[in-house]
Amino acid sequence: MSVEELTDYLKELPSSSGAYQSRGLTLDSSGLNFTPEEIQRPCKAVKVKFARYWVEVEKTREETTVTPAHYEYQYTPISVVSVKVGPRDGRVPDTAPPGGSDCQGSLSVVYVGEDIPQSRLPFDLELTYATAPAPIEVAGDGVLSALYVSPMSVVSC
């Protein structure tokens, strides 16, 4: 299968949960989870890549009465590993997204094919005070899923 075909297959793989439009390959707060419907399950394990990045936040402009504070951030790679999913159901160990801290969040991306250049990572992340991972879009061929964990506080950044 080509990268495009494999990406489409894994993105469209329905979940065995029965929930409408739920996916069989998901990335959530517990990590990478594989629970496809029995009739569409791959007959052998599929290799995907799992990348993690720290999102370093720095305040570049203080808040005024007229304008909000402005923050810039940069990505620092943590790790990129290949993992296998399927053909049986289950959670892939050691794939939970790292938690954020003051001035530092994280981004986790699951993909197939070539590594994702940092220029393709999102440039419009929202800084929230929620520490629960949130799904986000990451541009690039082969990207299956991505989660962002916002920094816990950006007041002192």
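**Surface and overall make-up**

Analyst: The protein has an accessible surface of about 9,200 Å², and carbon and sulfur atoms hold 50% of that area; accessible areas come from the Shrake-Rupley method with a 1.4 Å probe. This is a predicted model, where local features need pLDDT of at least 70, side-chain atom pairs count only at pLDDT 80 or more, and totals for chains, interfaces and linings use all residues. Residues are numbered from 1 along each chain as its sequence is written, and side-chain values use heavy atoms, leaving out hydrogens and water.

User: How much of the protein is buried?
Analyst: Of its 157 residues, 38% are buried, meaning under 20% relative accessible area with a 1.4 Å probe, protein chains only.

User: And how many helices and strands are there?
Analyst: One helix and eight strands. Both are DSSP runs numbered from the N terminus, with at least four residues (H or I) for a helix and at least two (E) for a strand.

User: What's the strand order in the open sheet?
Analyst: Its five strands go 4-3-6-8-7, with antiparallel pairing. Strand 4 (70-85) and strand 7 (134-135) are at the edges with a single partner strand each, so one side of each has no neighbour in the sheet. Two strands pair if DSSP finds at least two bridges between them.

User: How many bridges join strand 7 and strand 8?
Analyst: Two, in the antiparallel sense, with strand 8 covering residues 143-149. P135 stands opposite L147 in strand 8.

Technical notes: Buried < 20%, exposed > 50% of the residue type's maximum accessible area, 1.4 Å probe, protein only.
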